[in-house]
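Let's take a walk through this one, stopping at a few places where the details are worth a look.

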Amino acid sequence: MTFSRRSKAVLAGGVIAALALLSVGFFALFPDRAPAFVRTAMAGVGLTQDPPPPPDCPLTGRPAPGGAIAVAPGGAIPDRPVLAIKVENLPEARPQTGLDRADVVYEEPVEGGITRFIAVYQCREAPRVGPVRSGRTTDAAVLVQYGHPALGYAGAAPIVERTIDRAGIIDVNYDVAVDAYTRDANRPAPHNLYTSTKALWKAAKTKEGAPDPVFSYAVELTGRSKKVATVHLPFSSYSDVYWKWSRKDRAWLRFHGTEPHMLTDGRQVSAADVVVMQVQVTPGTIVDAAGNPSPEVKLTGSGRAYVFRDGRMIVGRWERASLDDPTAFVARDGTEIALAPGTTWVELLPSTIPVQTQK
């Protein structure tokens, strides 16, 4: 059988059309594999559309990371609960590791004028966190507003462990999840205990999902505020905390006195938001080896609050009717204070210590 030139042209055109239809069908099913010009053309005739933006992480207000546990176009919120890890803050414990991967960090006063951190993780993971130290009753009061989180720490008084258990917090401390912790032989004990978020989430063995947001977020700052360049929170000589606004980094940078607060990877501790809660602190019944009582921090009721974001300060109050409720931050005009999307540091500052600021 022979074909005329015209028949050959028709046949070739049919083959090309069939291949084109097959390609369109394939790219319609898998638009993410189509070249950019094909996606544009398909969108023009309604065959495809851009994927929806990823959801925001509940504890940062930023888009969820890609490759999360529940995979979706553009990223998804990991289907896991909050994980909190107690991190030491004595000078001998610095530099710390993993604080930069936390969604939220609380700084709490403990005995002897020192402070300790509660590093809260959900959307991001940290392959190494520490040095890990002991728990306090304040931890449960802070964390119960996050649902049923897991808590990693190293040692605690029996009353602290009972408080954690009664609060419904999943206890993955050093004595429970031994294999999730390691000692660093290059650092002196007890400032050498480390863990990872992956190991502690695995040890928690929970089906608890992601928490509800605790804070509200807004990209643009609205309402009344005051320009501030430096925040001074003099907890003690051990923790003489400064936060300084960096226009270059668009973040608050943390210092101990004049010394930058650095991490083991060489980066300085930073935050999008610094929230200062002035709280009532009283001596507790737990006493350390030096005879110093462990402070009890009252986290219900209300008190003065300062929210620092975008190089500015909003003055208001914090409110929390019960420990089961999230903490609300309210401006002087009664409106809720929205944080800037990103990492938040919450400073639990005794009400007897003034907040000092400089323009």
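A word on terms before we set off: buried means under 20% relative accessible area, exposed means over 50%, and partly exposed covers what lies in between. With that in hand, take Asp-310: at 23% relative accessibility it counts as partly exposed. Asp-310 is in the loop between β16 (301–309) and β17 (312–320), and its phi is positive, about 55°, although it is not a glycine. Keep in mind throughout that this is a predicted model.

Now zoom out. The chain folds into five helices and 20 strands. Of its 359 residues, 47% count as buried. Looking at contacts between residues at least 6 apart in sequence, 60% join residues at least 24 apart. The accessible surface comes to about 18000 Å², and 55% of that belongs to carbon and sulfur atoms.

Four of its five residues are buried, so β9 is largely enclosed by the rest of the structure. What does β9 pair with? One partner is β10, which runs antiparallel to β9 and is joined to it by five bridges. The two form a hairpin, with five residues between them. Another partner is strand β20 (residues 356–358), again antiparallel, over three bridges. If you want landmarks, Val-231 stands opposite Trp-243 in β10, while His-232 has Gln-356 as its bridge partner in β20.

How many aromatic pairs does a search of the whole structure find? The count is eight. One of them is Phe-117 with Trp-345, an edge-to-face pair at 5.1 Å centre to centre with 80° between the planes. This pair links distant parts of the chain: Phe-117 is in strand β3 (residues 115–121) and Trp-345 in strand β19 (residues 344–350), 228 residues apart. Both Phe-117 and Trp-345 are buried. Trp-345 also pairs with Trp-243, edge-to-face as well, with 5.4 Å between centres and 65° between planes. Since Trp-243 lies in strand β10 (residues 240–246) and Trp-345 in β19, this pair ties together parts that are 102 residues apart in sequence. Trp-243 has 0% relative accessibility, so it counts as buried, and Trp-345 gets the label at 1%.

There's also a cluster to look at: ring pairs link Trp-245, Trp-252, Tyr-306 and Phe-308. The charged end of Lys-244 sits over the ring of Phe-255, 4.7 Å from its centre. Likewise, Arg-80 places its charged end over the ring of Trp-201, at 4.0 Å from the centre.

Next, the loops. Thr-60 is found in the one between α2 (36–44) and β1 (83–88). Is Thr-60 buried or exposed? With a relative accessible area of 7%, it is buried. Leaving out residues up to four places away in sequence, Thr-60 touches Asp-103, Tyr-217, Ala-340, Pro-341 and Gly-342. Its C-alpha is 9.0 Å from that of Leu-339, a residue 279 places away in sequence. The side chain of Thr-60 also reaches the backbone nitrogen of Arg-62, at 3.2 Å.

Ser-134 is in another loop, between β3 and α3 (137–143). It counts as buried because its relative accessibility is 12%. The side chain of Ser-134 makes a polar contact with the side chain of Arg-116 at 2.9 Å. Beyond residues up to four places away in sequence, Ser-134 touches Lys-86, Arg-116, Tyr-153, Ala-154 and Gly-155.

The loop between β3 and α3 also holds Pro-131, where the peptide bond from Gly-130 is cis, with omega near 0°. Another cis peptide bond runs from Arg-94 to Pro-95, again with omega near 0°; Pro-95 is in the loop between β1 and β2 (104–109).

Last stop: Lys-205, in the loop between α5 (197–204) and β8 (226–227). Its phi is near 50°, a positive value in a residue other than glycine. Lys-205 is exposed, with a relative accessible area of 76%.

Note on methods. Residues numbered from 1 in each chain as written. Predicted model: local features only at pLDDT ≥ 70, side-chain atom pairs only at ≥ 80, totals over all residues. Heavy atoms only, no water. Phe/Tyr/Trp six-rings, centres within 6.5 Å; stacked < 30°, edge-to-face > 60°. Buried < 20%, exposed > 50% of the residue type's maximum accessible area, 1.4 Å probe, protein only. Lys NZ or Arg CZ within 6 Å of the ring centre and 35° of its normal. Polar contact = N/O pair within 3.5 Å; in protein donor to acceptor, adjacent residues only side chain to side chain. Contact = heavy atoms within 4.5 Å. Pairing = 2+ DSSP bridges. Areas by Shrake-Rupley, 256 points an atom, 1.4 Å probe, with all protein chains shown as cover.
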